[in-house]
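Subject: Structure handover

Hello,

Here is the structure for you to look through. Please open it first, then read my notes below.

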Amino acid sequence: TWHLEKIPQIVSERTFSLESPKFEAKTNLELNSVCGIECQRKLPVPSLSDLKDLLSYETVFENGSRTLTEVNVLGLVLDPAGNTTTRRATRKKRQIYGTDSRFSIYDKRFMTNFPFNTAVKISTGCSGILISPKHVLTAAHCLHNGKDYVKGSKRLRVGLMKTKSRGDGRKRKGARRNSMPSFQWTRVKSTHIPKGWFKGVSGDIALDYDYAVLELKRPHKRKYMELGISPTIKMMPRSMIHFSGFDNDRSGQLVYRFCSISDESNDLFYQYCDAEPGSTGSGIYLRLKEPNKKKWKRKIIAVYSGHQWVDVNGEQQDYNVAVRITPLKYAQICFWIHGNDENCTQG
C-alpha cells in the first residue's frame, strides 16, 4: 500500500544570477569513480546546513541565462542511522545480466497508453518521464557532467512519443499492430539541477543528487505519472521495480523491463535490471494499492542513473543504480513543479 508521509518544506530564500554556462562538456552516459555501496556506508549523516546547500539549485533558461536559488528546509527530522545499506550477495557481470530480459514494446495500443506513453526521449541521448503537464524528470548527468553543462543542453528538446505504422498504413485483418515510435519534439523552457550534483564526495561523483527537472515550453495533453515516496525494499511486493526507456542498442524502440532491487542506501537503489545507455534518466515506478481503496496506482519512486563501476572491497564491481525519491527530494521536485510548497505537504 502507498503510505502517506508528511513532507518537509523546501522554501526559496534568495535567487541570484550566475554567468552563462559554456555548454562545452561531453555527454557521458556511463559514469566512473562513483561513490558506491562501500563508500556510501562510510559517509557522515548530512547536517541541516549541508542539506540546505545540497538542495539549493541552479536553473538554466532557454536563452542561456543561469540563476542559483538558495533554499531553507523546514520540518525535517534527521535520521541518525546515516547511509546504511542492506548487505546482499553481489554479482560481477555487465549491463545485461545473464539472459536479456528486456521487452521491446511494438504494439501501438500499449505504446500510446499509460504507463508507456509517459516515457520521453531527451535530445542529449537519455530518457525521461512526464511528471506534470509541463515537466519531465530525468538524470542530472544527461545535462551536466559535474563541472559544466553538456553541449547538447543549450538547445535542449524533449521527444514525446507518437507512432507511425510500418508499411503503407493499410490495415489487414489479423495483422499485427506493429509500429515504431516517432517523436514530437518540444523545446525546453528551463532546467533545474540540485547543487548536490555539482559537489563531489571525496573527489568522486555523488549519485545521490543525479536528477533534474525540465520545464517544457508548451504543455502536453498526455497522461503523466505522479511522484511517490520511495519505500524500503521490504515494503515493496517482491522488491520489484519497473521502467521504460530508449536503449541505444535497440534503436527506435521503446524498451520495458522489471527486476528486483538487490541493495539500498538512504538515497540509492542498487539493482540488476537489464539496461543499456540511452535508458538513463528513465522514471522507475511501482504499482501499489491506494490507502483505504481497492484501486492500484503506479507512481515514480526513483530515477535510473545508469550502469556504474565502483571499488567494492578493493575490486571493481558493477551494478545498475537508481536515485530514490526521498521525502526531501519529493519536496524539492514538487516545489519545482508548482513554484510553491502548498501542494507538497503530503506524498
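The largest cavity is lined by 15 residues. Nearest its centre lie Val-60, Ser-153, Lys-154, Leu-156 and Thr-191. A cavity here is a set of points, on a 1 Å grid over the protein atoms alone, where a 1.4 Å probe fits but cannot get out. Lining residues have an atom within 4 Å of a point. This is a predicted model: local features need pLDDT of at least 70, side-chain atom pairs count only at pLDDT 80 or more, and totals for chains, interfaces and linings use all residues. Residues are numbered from 1 along each chain as its sequence is written, and side-chain values use heavy atoms, with hydrogens and water left out.

Helices (H or I, at least four residues) and strands (E, at least two) are DSSP runs, numbered from the N terminus.

The lining of the largest cavity divides into 7 nonpolar, 3 polar and 5 charged residues. Ala, Val, Leu, Ile, Met, Phe, Trp, Tyr, Cys and Pro count as nonpolar; Asp, Glu, Lys and Arg count as charged; the others, Gly among them, count as polar. The volume of the largest cavity is about 110 Å³. A volume is the space filled by probe spheres set on the grid points, which are joined across faces, edges and corners. Searching the whole structure gives 4 cavities of 30 Å³ or more.

Next, the disulfides. A disulfide is a pair of cysteine sulfur atoms within 2.5 Å. By that rule there are 2 disulfides.

Cys-126 and Cys-142 form a disulfide, with sulfur atoms 2.1 Å apart. Is this link left-handed or right-handed? The torsion about its S-S bond is about -95°, so the disulfide is left-handed. This pair links distant parts of the chain, 16 residues apart. Cys-126 sits in the loop between strand S5 (119-122) and strand S6 (127-130). Cys-142 sits in the loop between strand S7 (135-138) and strand S8 (157-165). Cys-126 is buried, at 0% relative accessible area. Cys-142 is buried too, at 0%. Buried means under 20% relative accessible area, exposed means over 50%, and partly exposed is in between (1.4 Å probe, protein chains only).

Cys-259 and Cys-273 also form a disulfide, and their sulfur atoms are 2.1 Å apart. It is left-handed, with -100° about the S-S bond. Cys-259 lies in strand S12 (residues 254-264) and Cys-273 in the loop between strand S13 (268-271) and strand S14 (283-289), so the pair ties together parts 14 residues apart in sequence. Cys-259 counts as buried at 11% relative accessibility. Cys-273 is buried at 1%.

Then look at Asn-72, in strand S3 (residues 66-74). Is Asn-72 buried or exposed? Its relative accessible area is 16%, so Asn-72 is buried. Leaving out residues up to four places away in sequence, Asn-72 touches Gln-9, Ile-10, Val-11, Glu-13 and Lys-52. Contact means heavy atoms within 4.5 Å.

Last, the whole protein. There are 4 helices and 16 strands. Of the 347 residues, 55% are buried. Among contacts between residues at least 6 apart in sequence, 75% join residues at least 24 apart.

Best wishes

Methods. On a 1 Å grid over the protein atoms alone, a cavity is a set of points where a 1.4 Å probe fits but cannot get out, and a pocket is an open set with protein on both sides within 12 Å along at least five of seven lines; lining residues have an atom within 4 Å of a point.
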